[in-house]
Amino acid sequence: MEDELRSEYDLKSLRVRNVGNARKSFGGLTVHLEPDVAEMFPDSEAVNEALRFLIKVMKDNKHPLSNMRGND
């Protein structure tokens, strides 16, 4: 049996995603969460919602982000 691709299959439009560090991002920033943080969020939407809430609280309290960062 000959292995031939049918003409109706257009593979040019496929988006292939690699797993791991070689992964290509499609329009977004990839951020690595530590396991203890990641277990609290089911998906990126939940992370974004929590961060937006934190940003709002910080703005309401006029708390600059630089005060939250630890000494690396």
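Predicted model: local features only at pLDDT ≥ 70, side-chain atom pairs only at ≥ 80, totals over all residues.
Numbering runs from 1 along each chain as its sequence is written, and side-chain values use heavy atoms, with hydrogens and water left out.

Next I looked up H2 itself. Helices here are DSSP runs of H or I with at least four residues, numbered from the N terminus. H2 covers residues 44-60, 17 residues in total, and reaches 24 Å from first C-alpha to last, close to the 24 Å expected at 1.5 Å a residue; the expected span is 1.5 Å times one less than the number of residues.

At the N-terminal end I found a cap: a side-chain oxygen of Asp-43 lies 3.3 Å from the backbone nitrogen of Glu-45.

Then I checked burial (buried is under 20% relative accessible area, exposed over 50%, partly exposed in between, with a 1.4 Å probe and protein chains only). Ala-46, Val-47 and Met-58 are buried in H2. Seen down the axis, the buried residues fall within an arc of 110°, so they line one face of the helix; the arc is taken from the directions from the helix axis to the C-beta atoms. The face turned away carries exposed residues, among them Glu-49, Arg-52 and Phe-53.

Last, I looked for salt bridges (a Lys or Arg side-chain nitrogen within 4 Å of an Asp or Glu carboxyl oxygen). The structure holds one: Asp-60 and Lys-56 meet at 2.8 Å, N to O. Being four residues apart in H2, Asp-60 and Lys-56 are separated by about one helical turn. Lys-56 counts as partly exposed, at 48% relative accessibility.

Notes: Helix = DSSP H or I, 4+ residues; strand = E, 2+ residues; numbered from the N terminus. Polar contact = N/O pair within 3.5 Å; in protein donor to acceptor, adjacent residues only side chain to side chain.
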